[in-house]
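Please open the model in your viewer and keep the selection tool at hand. The stops below are meant to be followed in order.

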Amino acid sequence: VEATMEEIIRTVHNRGGKTFLLIDEYDRFANKLMFEHPQRYAKMTKRVEDDARTAPIRTFFEAVKATNARSFTTGITPIALADASGWNGCKDLTHDGMFATVCGLREQDVLQVLEKLLERKDDRDRVFGLMQRIYNGYHFPDKHGISEPLFNTQMCLFFFDKWLNPSNADFRQNMLDLWSRDPESASLHELIDANVAVSENALRVVAKHPSLLLLQTGLASSRGSVDAEVNRKFRLRELLDYEAPDSIHRLAAFMYHHGLVTHAGSGQIKMPNRAVDEPLRGLFACVSAMIASWKLDITDVINNPTREKVWRLVSEITRGLNTRYDRNFMEAGLQALLEYALRELTDRFGFTVDCESEYSGGERRADLRLAT
């Protein structure tokens, strides 16, 4: 590979030209293998002795490094590159604030297209509102903290192509008469390109990760966000090391790179839009099922509270979710975990849950308050 690449670069140079390599979706094949055929993936990234054929990803990027050619590479996650360890001289622009708005459409970009498609302003406003709920909400780090919310470019192009297709009169009619008036009723099947939908492999990895329970309770709580670090590189074995103290951050980073969560500012993450909310919340069903099976006398805890009863209540919840706590566990995560579990039980036991509520005339404040 190296010899071939050097020959190409030399030929271009001899003819007065310069070489710039564009490598698109470098990890497309690797992402499929790493979870469906992990042994084959290991062979792709780890070279056996001096046989370059056994590790094509590593061999290729070693060749790019050896030729010293300028290049630009895109991919979904940094996992395959970290596992291959063949290109440690590259500059990672993923979290560079200068490029915060490159990977998405800004509000004015979408509005300019809608102005050409719809004459009436109220129609444009309603359709724009629907597109915000389903395609918008992605944030990247910038010099001020996080970028403005961006639209998913591919999903917007899919929408515009479908709108302009003469045979999609029913789609346009549903958009104007039904979906734009009630975005929650809109058919995601009609509005999302299957080629850019959330990867099933990614959902499987997320679903079986023990730290998901800590993340999902925060994401599903009234706050809608949770503390997590997503700006770090990691290898596949590190992602699957469930006992590591920072495993929750690796899972969050994996979800971030797959578009399942986005930056919420102040070191927190959140779900960006309905296109992600629905498939991700489908994973929450297993937690709800566990909660529904618990036999807790919460009414007695509320009406006749004691330190021991509250302790038993919290212990029952954390035991039921098989959650392990240590010094790395965040207070906000514990609060969100309890809030989510208790909210799931409100209908069964007839009580209410308030989060961050004031009482006694505003003199006191509670993280969680239960009332019958």
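At what angle do the axes of helix H12 and helix H14 cross, and within what distance do they come? Before selecting them, note that this is a predicted model, in which local features need pLDDT of at least 70 and side-chain atom pairs count only at pLDDT 80 or more, while totals for chains, interfaces and linings use all residues. Residues are numbered from 1 along each chain as its sequence is written, and side-chain values use heavy atoms, with hydrogens and water left out.

Select residues 212-219 for H12 and 247-257 for H14: their axes come within 9 Å and cross at roughly 60°. Helices (H or I, at least four residues) and strands (E, at least two) are DSSP runs numbered from the N terminus, and axes are lines fitted to C-alpha atoms, for helices over the stretch in contact, with angles running from 0 to 180 degrees between N-to-C directions. The crossing is right-handed, that is, the near helix is turned clockwise from the far one by less than a right angle.

Next, show the side chains: Leu212, Leu214 and Leu215 of H12 meet Ile248, Leu251, Ala252 and Met255 of H14, where contact means heavy atoms within 4.5 Å. The residues of this contact divide into 7 nonpolar, no polar and no charged, with Ala, Val, Leu, Ile, Met, Phe, Trp, Tyr, Cys and Pro counted as nonpolar, Asp, Glu, Lys and Arg as charged, and the others, Gly among them, as polar.

Stay on H14, where 11 of its 11 residues are buried (under 20% relative accessible area, whereas exposed is over 50% and partly exposed in between, with a 1.4 Å probe and protein chains only). Among these buried residues are His249, Arg250 and Phe254. H14 is followed by glycine 259, whose phi is positive, near 80°.

Two loops come next. Most residues other than glycine have a negative phi. Select asparagine 68, in the loop between helix H4 (56-67) and strand E2 (70-73), which has a positive phi of about 60° although it is not a glycine. Asparagine 68 counts as exposed because its relative accessibility is 69%. Then move to serine 266, in the loop between strand E6 (262-265) and strand E7 (268-270), where phi is also positive, near 55°. Serine 266 counts as exposed because its relative accessibility is 78%.
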